Amino acid sequence: MGTHALPPLDTDVAVETPEHIVFRHRVAGPARRALAHALDLVICYGVVIAVALVVALAVVGGAGLGGAISDSAGLGIGLLLVLLFAAQWIYFAAWEGLLGATPGKMAAGIRVVTTDGRPVGPPQAALRNLLRAADLMPVGYVVGLASMLLSHRFQRLGDRAAATMVIIVPRAPRGFVAPIWPPPQPDEIAAMPADVLFDPEERAALELFLRRRAALPASRANELARLVVGPISRRFAFAVADPVRTLALLYDRAQHAGRDEAPRSAKRGARWR
Amino acid sequence: MALTSRLTEGAFVSSRQGAWGELAHLSQRAADVGLRRLAPADLARLSPGYRDACADLAHARAARYSAPLVEQLELLAAQAHSTLYAARRGQAARVREAFAAFPRAVRRRKGAVALAALLFFAPLAFGLLASLSDPTFAFKVAPEAMLRQLSEAYARGFDEGRRGGEGALMAGFYVNNNVGIALRCFATGIFGGLGSAFYLFQNGLSIGAILGYVISQGAGANIGVFIIGHGSFELGAIVLAGGAGLSMGWSIVSPGEKTRLHSLQDTSKDVVVIVAGAAAMLLVAALLEGFWSGSSLPAEVKLVFGGAMFALVSAYLVLAGRARAEGAP
């Protein structure tokens, strides 16, 4: 797995598709899920309280008119009890069954998927949320938390039974490394070694640094580059005055070395190798 | 080091970018309007487009192209993967299927359902007999004041009927309370079935004791007429939910040749159908209990209706979905 230079974090779960493509999902931990849950509780019980206020007002208003007080009150309280039921048993299953995430989960940037990385369907969403009743025993999700800590996918009991997990929704990819500016000069190209090979960790670190370069003040970029430029330029026997530019040139050559149609910076007079 | 490709990243991106854009567009549209409503031509392009993107991703990883490009391709492939593998069938077909799947699942689990019935009805009979012979037994399971109020209410009968508002209130209460109890009875079955057994026993005992107390106070006929209309739905559903919970618990205790986790997953996928069916039965029960059982209709009508409902529920659970199950290859 060439591009995953760094060993994956232990909160990553690899899922292989039938096409033999491996996706890495970051599973969401208890803290982020608790945040999402708190938001959902605020939404659910906010609605219940709002309806309760309306019912109370209607009952008080009805009392002035006399007559059908108990009818409207009965209807209102009946409705409230149904809403309470829905908040406890339907809200989570419905959102997750239809969209894969409750509003709280969407806000926290997490989503429920099966352990094969596929979207959850209504039966799985129903099962994992029915078992919420077991997970929150004896108090405050103690059982669920214990189950999550004993699972490498942070699965509570409901997740285990329904074969689901909660993952962090991948963000849009980060920016690319900007091309070197000004373009490599002939003397720089001539001085560069033909064969620049970084090991994957070095390459990933350089890439991260060069992507951030535009956002860094020049002095800070220099300071950071100077930390690593010494050993690297000694290894390749190449350095220009500016340490940032040294790293950028070497990275550019490592990326393009040996490829057809490579940019000029990657070639040196004669064909490489 | 051998490089797997001689194509530069730039050349690779510029040759494939068009296809990626198209795939991103297609899978976004499929996610928005649903796979079924995609134009046939688009649908035909989606799957090859996804496979090409997978190949591109594998290539980009092998050729060690830069991380942002690989991330972009991963995101693209993941998005298309979610869309393609989420295909769902039409709603009407699902409802029809569920209607037959519920009794079939119940019959597959008839051992557990029978055990649940025993765990529920044996304490119920015990509570009933105990408080018939000594009404103060009922005070051990429910507060005395509540029981006195209850038996007075049943002694009055239903001639006045319930007002519309009261019916709605009670229906809401039954939804929240009874369906909640049944679902909890199922969910706690994951602890080796112990939770389900506890809820079945506890509910059986208190229903029996309260029933016995009300009968001992001379309101037996009235409470019988009240219960018979919705009883087959309500008591049946609690037993079914408990049976589903017992199955789930047993699948962990005795997984057979599977791992415990797989056994749990297979069984709970199967029994969740039973729980959904039981919840639907309890919703029917709540509506009946709120608006029918407490109404001022004559007792004879309620008795006949109750008997018919009992026959209907039993016939449905025993017979529905059989022909197709046997005819299936």
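The bend at a residue is the angle between two fitted axes, one through the seven residues ending there and one through the seven starting there. Helix H9 of chain B, residues 260-291, shows such a bend: a kink of about 30 degrees, centred on Lys269(B). This is a predicted model, in which local features need pLDDT of at least 70, side-chain atom pairs count only at pLDDT 80 or more, and totals for chains, interfaces and linings use all residues. Residues are numbered from 1 along each chain as its sequence is written, chains are lettered from A and ligands numbered from 1 in the order in which they are written, and side-chain values use heavy atoms, leaving out hydrogens and water.

Stay with H9(B). It has 32 residues and reaches 45 Å from its first C-alpha to its last. That is close to the 46 Å expected at 1.5 Å a residue (1.5 Å times one less than the number of residues). Helices here are DSSP runs of H or I with at least four residues, strands are E runs of at least two, and both are numbered from the N terminus.

Helix H8(B), residues 194-253, packs against H9(B) at about 170 degrees, with the axes 8 Å apart. Axes are lines fitted to C-alpha atoms, for helices over the stretch in contact, and angles run from 0 to 180 degrees between N-to-C directions. H8(B) is therefore roughly antiparallel to H9(B) (over 145 degrees; under 35 is roughly parallel). Their contact holds 19 nonpolar, 9 polar and 3 charged residues. Ala, Val, Leu, Ile, Met, Phe, Trp, Tyr, Cys and Pro count as nonpolar, Asp, Glu, Lys and Arg as charged, and the others, Gly among them, as polar.

H8(B) also packs with H10(B), residues 299-319, at about 20 degrees, with axes 6 Å apart. So H8(B) is roughly parallel to H10(B).

The axes of H1(B), residues 9-33, and H3(B), residues 67-84, come within 10 Å and cross at roughly 30 degrees. These two are therefore roughly parallel to each other. Trp20(B) is one of the H1(B) residues that meet H3(B), where Leu73(B) is among the partners.

Chain A has two backbone points to check. A cis peptide bond joins Met137(A) and Pro138(A), with omega about -15 degrees. Pro138(A) sits in the loop between helices H6 (132-135) and H7 (142-149) of chain A. Ala163(A), a residue other than glycine, has a positive phi near 55 degrees.

Key
Angles under 35 degrees count as roughly parallel, over 145 as roughly antiparallel, 65 to 115 as roughly perpendicular and the rest as oblique. Contact means heavy atoms within 4.5 Å.
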